[in-house]
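Please consult the sequence and the structure shown here while reading.

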Amino acid sequence: GNCDAGWRKISGYVKIVWLIGDNMSDMIKIEQALHGYANGHQLITSSIELGMEDRSRIDELSDLSGICKENDFTDYYTGYPLLSGSKYVIAKTWYAHEKQRPGCVWTHSLMIDMDDIQEIKNIEKLLSLFHRPSKDDQSLYSNSIDFFSDAVDDIDDYDTEKLKYAVYTIYADEKCKYIYANNKHYEKELLFAITQMPIEILNKF
């Protein structure tokens, strides 16, 4: 796998939101991008124009992970900071079984300002923003998302053992992180741990 990625959550057959109030000052603006195969893996559309280094990073890490065998997964999640340090990317990748070429994937990336990460309090709602593209309409990914969260997660909604494992995996050492889920869902606990992470650490994770 490519250790430039902050982390990847992978499952053989899987699936990896947040809070705010009612006024515009509580809104989080999330940028997004869609990558897929079009004469090679490349950016299909995006809501933001990235600098060259950030564009190169998101192009690379949106492609099929080297630790994934072709046809051996349904989807996985990846997280990493952009090199500019301005945004953190949380992405979901699906194997593109409909493509004739082996190894093709779709990746929907959400780009969140570093300063806004800790404002996210409802993980389920964040996860609901990910959409596998259809042939007919890919315009969804060309617009920024105005994100409001109308509920706060209850800590009891999280699996304590999974949360412990996610925290241990994140902080145990400085190597790149891969969590093989094996049909278990760690996405909520992993993202919760990330939203609690100091920006100084998140910028390197």
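**Overall fold.** The model is predicted. Its chain contains five helices and eight strands. In sequence order, these elements follow the pattern β-β-β-α-β-β-β-α-β-α-β-α-α. Of the 205 residues in the chain, 48% are buried.

**The β2–β3 hairpin.** Strands β2 (residues 28–37) and β3 (residues 41–46) run antiparallel and are joined by five bridges. Within this pairing, Ala33 is located opposite Ser46 of β3. The two strands, β2 and β3, form a hairpin with three residues between them. Asn39, in the turn, has a positive phi of about 60°.

**A loop residue.** Glu119 is found in the loop that lies between β6 (105–113) and α2 (123–127). With a relative accessible area of 44%, Glu119 is partly exposed, because that category covers values between 20% and 50%. In sequence, Glu119 and Met27 are separated by 92 residues, while their C-alpha atoms are 9.6 Å apart in space.

**Packing of α3 and α4.** Two packed helices are described by the angle between their axes and the distance between the axes. For α3 (residues 160–171) and α4 (residues 187–195), the angle is about 55° and the axes are 8 Å apart. The crossing of α3 past α4 is right-handed. The residues that make the contact are listed below by helix.

| Helix | Residues of the helix | Residues making the contact |
|---|---|---|
| α3 | residues 160–171 | Lys162, Leu163, Ala166, Val167, Ile170 |
| α4 | residues 187–195 | Glu189, Leu190, Phe192, Ala193, Ile194 |

Classified by residue type, the contact of α3 with α4 comprises eight nonpolar and two charged residues, with no polar residues.

**Burial of α4.** How many of the nine residues of α4 are buried? Eight of them are buried, so α4 is largely enclosed by the rest of the structure. The buried residues of α4 are Glu187, Lys188, Glu189, Leu190, Leu191, Ala193, Ile194 and Thr195. Among them, Glu189, Leu190, Ala193 and Ile194 also take part in the contact with α3.

Note on methods. Residues numbered from 1 in each chain as written. Predicted model: local features only at pLDDT ≥ 70, side-chain atom pairs only at ≥ 80, totals over all residues. Heavy atoms only, no water. Axes fitted to C-alpha atoms, helices over the stretch in contact; angles between N-to-C directions. Helix = DSSP H or I, 4+ residues; strand = E, 2+ residues; numbered from the N terminus. Left-handed = near helix turned anticlockwise from the far one by under 90°. Contact = heavy atoms within 4.5 Å. Nonpolar A, V, L, I, M, F, W, Y, C, P; charged D, E, K, R; others polar. Buried < 20%, exposed > 50% of the residue type's maximum accessible area, 1.4 Å probe, protein only. Pairing = 2+ DSSP bridges.
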